[in-house]
Amino acid sequence: MADQSPERTPDGHFVVVRGRKWRATDPSVPEEAAARLRRHLMSARRAVRSALAESDASAEAAARARVNRAKTALGERGTPWWEQSDRARRERWEDGLAELDEQAPPE
């Protein structure tokens, strides 16, 4: 089975998955940085799952905060990336990556 990119809206701001629109990752994030952010995101999602399984509310909250930080750094949450200046976009992903690297290096 070939790896296919999801359908995008004509403006490129959203991807469509099973009929539902999701904000697309900011295309200005360099691929190396985006890959690191995605590793952080997946690690944080695994941490959410583990915290839920252990009924650990504080660990769940911390993991969900990491998920949110990674998605915001990728441009998928927060101020829409297409409404930000190039400088603000760069600062968003650089700051998010630095914070996530400091909190928990990606697995």
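1. Trp82 is partly exposed, with a relative accessible area of 27%. On the scale used here, buried means under 20% relative accessible area, exposed means over 50%, and partly exposed lies in between, computed with a 1.4 Å probe on protein chains only. Trp82 is placed in the loop between α2 and α3. Apart from neighbours within four places in sequence, its contacts are His13, Phe14 and Arg23, where contact means heavy atoms within 4.5 Å. The C-alpha atoms of Trp82 and Gly12 are separated by 9.7 Å, although the two residues are 70 residues apart along the chain.

2. The model is predicted, so local features need pLDDT of at least 70 and side-chain atom pairs count only at pLDDT 80 or more, while totals for chains, interfaces and linings use all residues. Residues are numbered from 1 along each chain as its sequence is written, and side-chain values use heavy atoms, with hydrogens and water left out.

3. How many aromatic pairs are there? The count comes to two, under a rule by which rings of Phe, Tyr and Trp (its six-membered ring) pair if their centres lie within 6.5 Å; planes under 30 degrees apart count as stacked, over 60 as edge-to-face and the rest as tilted. The rings of Phe14 and Trp82 have centres 5.6 Å apart and planes at 65°, so this pair is edge-to-face. Because Phe14 lies in strand β2 (residues 14–17) and Trp82 in the loop between α2 and α3 (86–103), the pair ties together parts that are 68 residues apart in sequence. Trp81 and Trp82 form an edge-to-face pair as well, at 5.1 Å centre to centre and 85° between the planes.

4. Trp81 is buried, with a relative accessible area of 7%, whereas Phe14 is partly exposed at 22%.

5. The wider setting is as follows. The protein has three helices and three strands, and from the N terminus on its elements run β-β-β-α-α-α. Helices (H or I, at least four residues) and strands (E, at least two) are DSSP runs, numbered from the N terminus. The C-alpha trace spans about 45 × 35 × 25 Å along its principal axes. Of the 107 residues, 36% are buried. Among contacts between residues at least 6 apart in sequence, 56% join residues at least 24 apart.

6. Two packed helices are described by the angle between their axes and the distance between the axes. Axes are lines fitted to C-alpha atoms, for helices over the stretch in contact, and angles run from 0 to 180 degrees between N-to-C directions. Helix α1 (residues 31–53) and helix α2 (residues 57–73) pack at about 160°, with their axes 8 Å apart. That makes α1 roughly antiparallel to α2; angles under 35 degrees count as roughly parallel, over 145 as roughly antiparallel, 65 to 115 as roughly perpendicular and the rest as oblique. The crossing of α1 and α2 is left-handed, a term for a near helix turned anticlockwise from the far one by less than a right angle, with right-handed used if clockwise.

7. Which residues make the contact between α1 and α2? On the α1 side they include Leu37, His40, Leu41 and Arg45, and on the α2 side they include Ala63, Val67, Ala70 and Lys71. The residues of this contact divide into 12 nonpolar, two polar and five charged. Here Ala, Val, Leu, Ile, Met, Phe, Trp, Tyr, Cys and Pro count as nonpolar, Asp, Glu, Lys and Arg as charged, and the others, Gly among them, as polar.

8. Helices α2 and α3 pack at an angle of about 150°, with their axes 8 Å apart. That makes α2 roughly antiparallel to α3, and their crossing is left-handed. Among the residues in contact are Arg66, Arg69 and Ala73 of α2 and Arg92, Trp93 and Leu100 of α3. The contact of α2 with α3 divides into four nonpolar, three polar and five charged residues.

9. Two residues with charged side chains deserve attention. Lys71, in helix α2, counts as buried at 13% relative accessibility. Leaving aside neighbours within four places in sequence, Lys71 is in contact with Leu41, Arg45, Glu76 and Arg77. Arg89, in helix α3, is buried, with a relative accessible area of 12%. With the neighbours within four places again left aside, Arg89 is in contact with Asp26, Pro27, Ser28, Trp81 and Gln84.
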